Amino acid sequence: MTPSVSDNYKRVLGSFPSGVTVVTTLDEQERLVGFTASAFSAVSMDPPLVLVCPALTSDSYPVICRSGRFTIHILGHDQEETAYRFASKRPDKSEGIAWQRSPRGHAILAGAAAYLECRLWENYPGGDHAIIVGEVEHLTLCDDSPDPLLYCRGMMSRLPEALTTRPCG
């Protein structure tokens with residue numbers, strides 16, 4: 001049987017390794033909401049802009065649109081459970097997740113390798129996803145940040161040992 005265009009699309013694009021992020025915001029009741037995204041990219045240095053692409057069916061997408069702010073967390077290799085939790089459709093996916101409010105009022109997940117606090121810059125249509133561009137207002141590479149969590153071919157993993165050596169200085 002010949003794979004459908006949709007199946008082939010997923011297979012081909014899934015063979016491109018990417019980092020794993022969780023995008024969070026706070027809803028009107030100050031509850032943590034979010035989603036897992038591998039579609040994340042830098043857009044501009046001046047002003048500092050990044051993009052992330054939530055599914056239109058994401059419960060978090062309309063909350064981000066209303067709040068006008070969100071945080072992108074680059075997950076550490078030991079946060080696979082967090083990635084799967086925020087990728088789920090369960091209503092209580094943030095229950096038990098450790099987080100704190102930043103001085104700027106953003107929700108910050110514990111244990112992330114890095115995070116970017118963003119203001120919604122623009123929101124574009126992108127088929128069954130949205131293309132959200134955020135202006136980075138603050139970013140942090142966490143002290144002793146773990147190696148990032150990677151996604152490729154339907155699996156999550158850590159960097160190969162050859163890529164984990166950091167240069168001196």
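The legends below describe several close-up views of a predicted model.

Local features are given only where pLDDT is at least 70 and side-chain atom pairs only at pLDDT 80 or more, whereas totals for chains, interfaces and linings use all residues. Residues are numbered from 1 along each chain as its sequence is written, and side-chain values use heavy atoms, with hydrogens and water left out.

**View 1. The protein chain has 3 helices and 12 strands.** Helices (H or I, at least four residues) and strands (E, at least two) are DSSP runs, numbered from the N terminus. Of the 169 residues, 38% count as buried; buried means under 20% relative accessible area, exposed over 50%, and partly exposed in between (1.4 Å probe, protein chains only). The chain exposes about 10,200 Å², of which carbon and sulfur atoms supply 56%. These areas come from the Shrake-Rupley method with a 1.4 Å probe, and for residues only the protein chains shown count as cover. Among contacts (heavy atoms within 4.5 Å) between residues at least 6 apart in sequence, 63% join residues at least 24 apart.

**View 2. Seven strands form an open sheet in the order β3-β2-β6-β9-β10-β5-β4.** The pairing is antiparallel; two strands pair if DSSP finds at least two bridges between them. β3 and β4 (40–44) are the edge strands, each pairing on one side only. From one strand to the next, the twist averages 35 degrees. Axes are lines fitted to C-alpha atoms, for helices over the stretch in contact, and angles run from 0 to 180 degrees between N-to-C directions. Within the sheet, β2 (residues 21–26) and β6 pair over 4 bridges, and Thr24 stands opposite Thr71 in β6.

**View 3. A hairpin joins β4 to β5 through 4 residues.** The two strands pair in the antiparallel sense over 4 bridges, with Phe40 opposite Val52 in β5. Ser44 is found in β4 and, at 24% relative accessibility, counts as partly exposed. Ser44 and Glu135 are 91 residues apart in sequence, but their C-alpha atoms are 9.1 Å apart in space.

**View 4. The largest nonpolar core holds 15 residues.** A nonpolar core is a set of buried Ala, Val, Leu, Ile, Met, Phe, Trp, Tyr and Cys residues joined through side-chain atoms within 4.5 Å. Val23, Val52, Phe70, Ile72, Cys118 and Ile132 touch the most other members. At least two residues come from each of β3 (32–37), β5 (49–52), α2 (60–67), β6 (69–74), β9 (114–126) and β10 (129–141). A second, separate core of 11 residues includes Val20, Leu26, Leu75 and Ile97. Leaving aside neighbours within four places in sequence, Cys118 is in contact with residues including Val50, Phe70, Ile72, His106 and Val136.

**View 5. Helices α2 and α3 lie across strands of the sheet.** α2 lies across β2, β3, β6, β9 and β10, running at about 55 degrees to β2. α3 lies across β2 and β3 and runs at about 105 degrees to β3.

**View 6. Helix α3 (residues 80–87) has four buried residues: Thr82, Ala83, Arg85 and Phe86.** They are on the same side of α3 because they cover an arc of only 165 degrees around the axis, taken from the directions from the helix axis to the C-beta atoms. Glu81 and Ala87, on the other side of α3, are exposed.
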